[in-house]
Amino acid sequence: MDIELQETYKEKALQQLQADANKIAQLIKVQMDHLTMPQCPLYEEVLDTQMYGLSREIDFAVKLDLIDRQKGNEILSLLEKEMTVLHELYTKK
C-alpha cells in the first residue's frame with residue numbers, strides 16, 4: 001500500500017474515532033448541564049453501550065495499525081474522566 005494512502009487512512013480513522021468520542025462527550029455534557037441522575041438505568045445503559053462500542057472501534061483500528069494502542073487508551077481515558085466528574089458533580093448536588 002502506498003505510504004501516503006496509508007497515512008490518509010490513519011488520519012481518517014483517528015478523525016472518526018475522535019468524532020465518536022465527541023458524541024459520547026456530548027452525552028456526558030448534557031447530563032452535567034442538567035445534573036440528571038447519572039444512576040438512571042437508561043442513562044447508564046446508553047453510556048455503557050456507547051463506551052463499549054467505541055472501545056471495540058479502537059481495538060479494530062489498532063489491529064489494522066491505523067492508530068496505536070496508547071492513543072486509543074487516551075481517548076477512552078478522557079471520556080472516563082468526564083464520567084467521573086459527572087458523578088462527582090451529582091453526588092455534591
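Contact here means heavy atoms within 4.5 Å. Keep that in mind while looking over this predicted model.

Q: What share of contacts between residues at least 6 apart in sequence join residues at least 24 apart?
A: Take the contacts in the protein chain, that is, heavy atoms within 4.5 Å, and keep those between residues at least 6 apart in sequence. Of these, the share joining residues at least 24 apart is 70%.

Q: What percentage of the residues in the protein chain is buried?
A: To count as buried, a residue needs under 20% relative accessible area. The chain has 93 residues, and the buried part of them comes to 26%.

Q: How much of the accessible surface belongs to carbon and sulfur atoms?
A: The protein chain has an accessible surface of about 6,500 Å². The part that belongs to carbon and sulfur atoms is 57%.

Q: Which residues is Ile24 in contact with, leaving aside neighbours within four places in sequence?
A: Ile24 is one of the residues with the most contacts inside the largest core. Beyond its sequence neighbours within four places, its partners are Leu47, Gln50, Met51, Leu54 and Leu79.

Q: Is Lys10 buried or partly exposed?
A: Lys10 lies in helix 1. Buried means under 20% relative accessible area, and exposed means over 50%. Because its relative accessibility is 22%, Lys10 counts as partly exposed.

Q: How far apart in space are Lys10 and Ala61, C-alpha to C-alpha?
A: Along the sequence, Lys10 and Ala61 are 51 residues apart. In space, C-alpha to C-alpha, the distance between them is 8.6 Å.

Q: What is the phi of Asp65?
A: Asp65 sits in the loop between helix 2 and helix 3, and Lys10 touches it. Most residues other than glycine have a negative phi. Asp65 is not a glycine, yet its phi is positive, at about 60°.

Terms used: Residues numbered from 1 in each chain as written. Predicted model: local features only at pLDDT ≥ 70, side-chain atom pairs only at ≥ 80, totals over all residues. Heavy atoms only, no water. Buried < 20%, exposed > 50% of the residue type's maximum accessible area, 1.4 Å probe, protein only. Areas by Shrake-Rupley, 256 points an atom, 1.4 Å probe, with all protein chains shown as cover. Core = buried A, V, L, I, M, F, W, Y, C linked by side-chain atoms within 4.5 Å. Helix = DSSP H or I, 4+ residues; strand = E, 2+ residues; numbered from the N terminus.
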